[in-house]
Amino acid sequence: DASSYIQEFNEMKEEIAKLKVENSEKLLDYSEYLSLKEQSAFIINERQYIQAKIISDNSQGSILINVGEEDGVEIGDIVILGRVYIGMISDVSLYSSRVRLPLNPSSSFEVIVVPGNVDLNKENRIDSLVKSTGVVMGKSDHILIENLGINSDVKDGDFVLIRDSRIGDIFVLGTLIGVSNNPASTNKSGFVSPIFDYGNIMK
């Protein structure tokens, strides 16, 4: 009867594999639900939002998403998750779009720095909390921040928020790290630790 046991064993393996796939799909749907629920808290009614998924990424600081001209996507559109800035649309085809990440050498934005203990989900009067303005630039494997006020009390752990006329709103980029304290310099500089690990953004 060994052959019948082997056949039964193989059938059970197939059934287990099928159940795993079904459960993973349910888990993915639930993750999407939670993501959309978080996103909905920050939706501004007069804007149009399109849900997208990441198809692929590359080492040049960009990702490919599964929406394009057919969905109304245009170059210059902003990609966000909640209040976190992901990137800007740099190229569009019929069914997909290329997103330029902040790490990309072509990325540069005006930013503001606010205290790291601010609850960004509750605080609406950001202007009163600004420690310094600055400029961020992508450098392939890191994000540089420059032109911080030499007399500002910015420090590691402060929030870096994008406030750029091309973006049209304020979004979270990351936290400040490695602030320079060179007394001979006319301004301070440092780096931004982004909210997302762009190297593992597919996960």
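**Salt bridges, strand pairing and nonpolar cores**

Two salt bridges are counted in the model, a salt bridge being a side-chain nitrogen of Lys or Arg within 4 Å of a carboxyl oxygen of Asp or Glu. The model is predicted: local features need pLDDT of at least 70, side-chain atom pairs count only at pLDDT 80 or more, and totals for chains, interfaces and linings use all residues. Residues are numbered from 1 along each chain as its sequence is written, and side-chain values use heavy atoms, with hydrogens and water left out.

K131 sits in the loop between β6 and β7, and D158 in the loop between β8 and β9 (159–163), so the pair ties together parts that are 27 residues apart in sequence. Strands (E, at least two residues) are DSSP runs, numbered from the N terminus. D158 is buried, at 2% relative accessible area. Buried means under 20% relative accessible area, exposed over 50%, and partly exposed in between (1.4 Å probe, protein chains only).

The loop that holds K131 runs between β6 (108–114) and β7 (132–138). A polar atom of the K131 side chain also lies 3.3 Å from the backbone oxygen of D153. Contact means heavy atoms within 4.5 Å. Neighbours within four places in sequence aside, K131 is in contact with V113, P115, S152, D153, V154, K155 and D158.

The other salt bridge links D164 and R166, with the closest N and O atoms 3.0 Å apart. D164 counts as buried, at 7% relative accessibility. R166 counts as partly exposed, at 48%. Side chains of opposite charge can pair when their charged atoms come close.

Strand pairing was assigned with DSSP, two strands being paired if at least two bridges are found between them. β7 and β8 run antiparallel and are joined by four bridges. G138 has I143 in β8 as its bridge partner. Four residues lie between the strands of this hairpin, where S140 takes a positive phi near 70°. β8 (residues 143–149) also pairs with β11 (residues 187–194), antiparallel, over five bridges. Within β11, G190 stands opposite I145, and K188 stands opposite L148. β10 (residues 170–177) pairs with β11 in the antiparallel sense over four bridges. Here I177 stands opposite F191.

The nonpolar residues were then grouped. A nonpolar core is a set of buried Ala, Val, Leu, Ile, Met, Phe, Trp, Tyr and Cys residues joined through side-chain atoms within 4.5 Å. The largest core has 31 residues, and those with the most contacts inside it are Y85, V136, I145, V160, L173 and L176. At least two residues of this core come from each of β2 (62–65), β4 (84–92), β6, β8, β9 and β10. β4 supplies the largest share, five residues.

Leaving aside neighbours within four places in sequence, L173 is in contact with Y85, P102, V136, V160, L161, I162, V192, P194, I195 and Y198. A second, separate core has 10 residues, among them V84, I112, I170 and V172. In soluble globular proteins, nonpolar side chains tend to be buried together.

Conventions. Polar contact = N/O pair within 3.5 Å; in protein donor to acceptor, adjacent residues only side chain to side chain.
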